Amino acid sequence: MEAVAKDGQTLLDVAVQEYGTWEAALDVAAANGLSLTQVPAAGTPLQLPDGAKANRVTAEYCRTNGVSPATAYDSDGTRLRIFGEEFTREFT
């Protein structure tokens with residue numbers, strides 16, 4: 001399986017989008033020969049390994065609702081959070 005990185009997506013964002021958990025980012029990084037901290041360019045194809053840790057509820061929510069997490073930055077370039085308020089209300 002494969003995903004294409006979107007603008008602003010880190011490997012953690014892709015892992016949450018595809019597997020529903022940030023923990024799968026380790027497997028995604030390894031499958032693509034990347035370090036966990038590398039940020040793929042928009043449009044980069046990423047291999048999604050079978051057997052990565054998954055949270056099916058969150059992954060299904062992302063698929064069903066078209067959620068594509070991308071790490072937000074403030075005006076100083078500091079990373080904020082990956083989901084908006086609507087996601088927080090859904091899962092609290």
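Predicted model: local features only at pLDDT ≥ 70, side-chain atom pairs only at ≥ 80, totals over all residues.

Me: Which pattern does the chain follow along the sequence?

Reply: The pattern is β-α-α-β-α-α, with four helices and two strands in the chain. Helices (H or I, at least four residues) and strands (E, at least two) are DSSP runs, numbered from the N terminus.

Me: How much of the chain is buried?

Reply: Buried residues are 34% of the 92 in the chain. Buried means under 20% relative accessible area, exposed over 50%, and partly exposed in between, with a 1.4 Å probe and protein chains only.

Me: Which residues are buried in helix 3?

Reply: Helix 3 covers residues 56–65, and T58, A59, Y61 and C62 are buried there. They line one face of the helix, because seen down its axis they fall within an arc of 155 degrees (the arc is that of the directions from the helix axis to the C-beta atoms).

Me: And what is on the other side of helix 3?

Reply: R56, V57, R63 and T64 are exposed there.

Me: What happens at the start of helix 3, and what follows the helix?

Reply: At the start, N55 has a side-chain oxygen within 3.2 Å of the backbone nitrogen of V57. After the helix comes G66, with a positive phi near 65 degrees.

Me: Changing topic, what volume does the largest pocket have?

Reply: About 180 Å³. On a 1 Å grid over the protein atoms alone, a pocket is an open set of points where a 1.4 Å probe fits, with protein on both sides within 12 Å along at least five of seven lines; lining residues have an atom within 4 Å of a point. The volume is the space filled by probe spheres set on the points, which are joined across faces, edges and corners.

Me: Which element gives the most to its lining?

Reply: Helix 3, with three residues. The lining includes R56, A59 and R63, along with M1 and E18.

Me: Last one: where is A70 found?

Reply: A70 is in the loop between helix 3 and helix 4 (85–90). Its relative accessibility is 28%, so A70 counts as partly exposed. A70 and Q17 are 53 residues apart in sequence, and their C-alpha atoms are 9.3 Å apart in space.

Technical notes:
Residues numbered from 1 in each chain as written. Heavy atoms only, no water. Polar contact = N/O pair within 3.5 Å; in protein donor to acceptor, adjacent residues only side chain to side chain.
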